[in-house]
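Work through the exercises below with the structure at hand. Each task is followed by a solution in steps.

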Amino acid sequence: MSTASRTARERVRAELIKEITDIARRHLSTEGAAGLSLRAVAREMGMVSSAIYRYFPTKDDLLTALIVDAYNAVGEAVEEADAGCARDDFTGRWLEMCRAVRAWALAHPHEYALIHGTPVPGYQAPADTVDPASRDGVMFGRLIADAHVAGAITVPQDTPTPEEFQGDAAVLRQAIFAGVPDEVILRGLHAWTWVYGAVSFELFGMYNNMITKRAATFEHGVLSMAHYVGLS
């Protein structure tokens with residue numbers, strides 16, 4: 001087979017995969033991840049159900065594709081937010097990263113729920129999801145490492161870092177917080193956890209009938225977390 005023919009076939013396959021995943025994302029909003037059906041997606045495409053299995057042999061394969069796409073999308077949003085800031089504006093980079101997470105989640109609530117909501121019964125995420133899932137965290141770890149090297153982090157000494165955290169800190173230092181001391185890693189971990197907790201509270205209804213000025217509430221929180229981490 002010629003290279004041109006193979007490339008044309010690959011292009012058609014890529015277009016069909018995109019159409020399948022686009023339809024599946026729409027189905028997430030009505031059926032939820034647990035109710036996602038390969039047959040229903042095939043039916044909407046006008047494709048016989050057996051044909052869709054050439055692209056996604058199981059429902060779990062389709063879920064994995066959607067999960068990988070979602071993780072990559074939020075990771076890309078965070079990367080773009082960081083790229084728009086001056087390298088030495090560490091607090092500004094942090095604020096823009098956090099805003100990007102919230103903005104993406106509000107624009108794609110069902111995809112956010114797929115990766116940060118209730119686990120899909122019976123689904124086990126494969127190794128293919130690990131790197132995409134870490135894209136945003138890697139960017140945050142890089143920010144903290146950059147700020148530490150620049151001497152732009154001063155950690156309050158009000159709460160000592162527990163000795164039990166040393167092992168976990170070593171793992172995190174190896175993975176994303178290169179050269180960062182334990183106390184900064186721990187506070188960074190708490191801050192990044194807070195961001196997703198706040199976004200989840202907003203998206204999953206925990207603020208209903210309580211918080212109306214949600215953007216302002218989030219802004220105050222992320223700025224407070226910047227101070228908590230020690231960003232100057």
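A cavity is a set of grid points where a 1.4 Å probe fits but cannot get out. The model used here is predicted.

**Exercise 1.** Find how many cavities of 30 Å³ or more the structure holds, and describe the lining of the largest cavity.

Solution.
- Step 1. A search of the whole structure gives 1 cavity of 30 Å³ or more.
- Step 2. The space in the largest cavity is about 40 Å³.
- Step 3. Its lining consists of Trp194, Ala198, Glu202, Tyr207, Arg214, Thr217 and Phe218.
- Step 4. Sorted by type, the lining residues give 4 nonpolar, 1 polar and 2 charged.
- Step 5. At least two lining residues come from each of α9 (182–203) and α10 (214–229).

**Exercise 2.** Decide whether Thr21 is buried or exposed, and list what Thr21 touches.

Solution.
- Step 1. Thr21 is part of helix α1, residues 3–31.
- Step 2. The cut-off for buried is under 20% relative accessible area.
- Step 3. Thr21 has 4% relative accessibility, so Thr21 counts as buried.
- Step 4. Leaving out residues up to four places away in sequence, Thr21 is in contact with Phe56, Leu62, Ala65, Leu66 and Asp69.

**Exercise 3.** State how many residues the largest nonpolar core has, and follow the contacts of Ile144.

Solution.
- Step 1. The largest nonpolar core has 66 residues.
- Step 2. Ile20, Leu62, Trp94, Val101, Leu114, Ile144 and Leu231 have the most contacts inside this core.
- Step 3. Beyond four places away in sequence, Ile144 touches Ile153, Phe177, Val180, Val184 and Val229.

**Exercise 4.** Classify the ring pair of Trp94 and Phe140, then the pair of Phe201 and Tyr207.

Solution.
- Step 1. The whole structure has 9 aromatic pairs.
- Step 2. For Trp94 and Phe140, the ring centres are 5.0 Å apart and the planes stand at 45 degrees, so this pair is tilted.
- Step 3. The pair links distant parts of the chain, 46 residues apart: Trp94 belongs to helix α5 (residues 90–107) and Phe140 to helix α7 (residues 130–149).
- Step 4. Trp94 is buried at 1% relative accessibility, and Phe140 is buried at 2%.
- Step 5. For Phe201 and Tyr207, the centres are 5.8 Å apart and the planes stand at 65 degrees, so this pair is edge-to-face.
- Step 6. Phe201 is partly exposed, with a relative accessible area of 41%, whereas Tyr207 is buried at 16%.

**Exercise 5.** Name the residues that ring pairs link into a cluster.

Solution.
- Step 1. The cluster is made up of Trp94, Tyr112, Phe140, Phe177, Trp192, Tyr196 and Phe204.

Terms used. Residues are numbered from 1 along each chain as its sequence is written. This is a predicted model: local features need pLDDT of at least 70, side-chain atom pairs count only at pLDDT 80 or more; totals for chains, interfaces and linings use all residues. Side-chain values use heavy atoms; hydrogens and water are left out. On a 1 Å grid over the protein atoms alone, a cavity is a set of points where a 1.4 Å probe fits but cannot get out, and a pocket is an open set with protein on both sides within 12 Å along at least five of seven lines; lining residues have an atom within 4 Å of a point. Grid points are joined across faces, edges and corners, and a volume is the space filled by probe spheres set on the points. Helices (H or I, at least four residues) and strands (E, at least two) are DSSP runs, numbered from the N terminus. Ala, Val, Leu, Ile, Met, Phe, Trp, Tyr, Cys and Pro count as nonpolar, Asp, Glu, Lys and Arg as charged, and the others, Gly among them, as polar. A nonpolar core is a set of buried Ala, Val, Leu, Ile, Met, Phe, Trp, Tyr and Cys residues joined through side-chain atoms within 4.5 Å. Buried means under 20% relative accessible area, exposed over 50%, partly exposed in between (1.4 Å probe, protein chains only). Contact means heavy atoms within 4.5 Å. Rings of Phe, Tyr and Trp (its six-membered ring) pair if their centres lie within 6.5 Å; planes under 30 degrees apart count as stacked, over 60 as edge-to-face and the rest as tilted.
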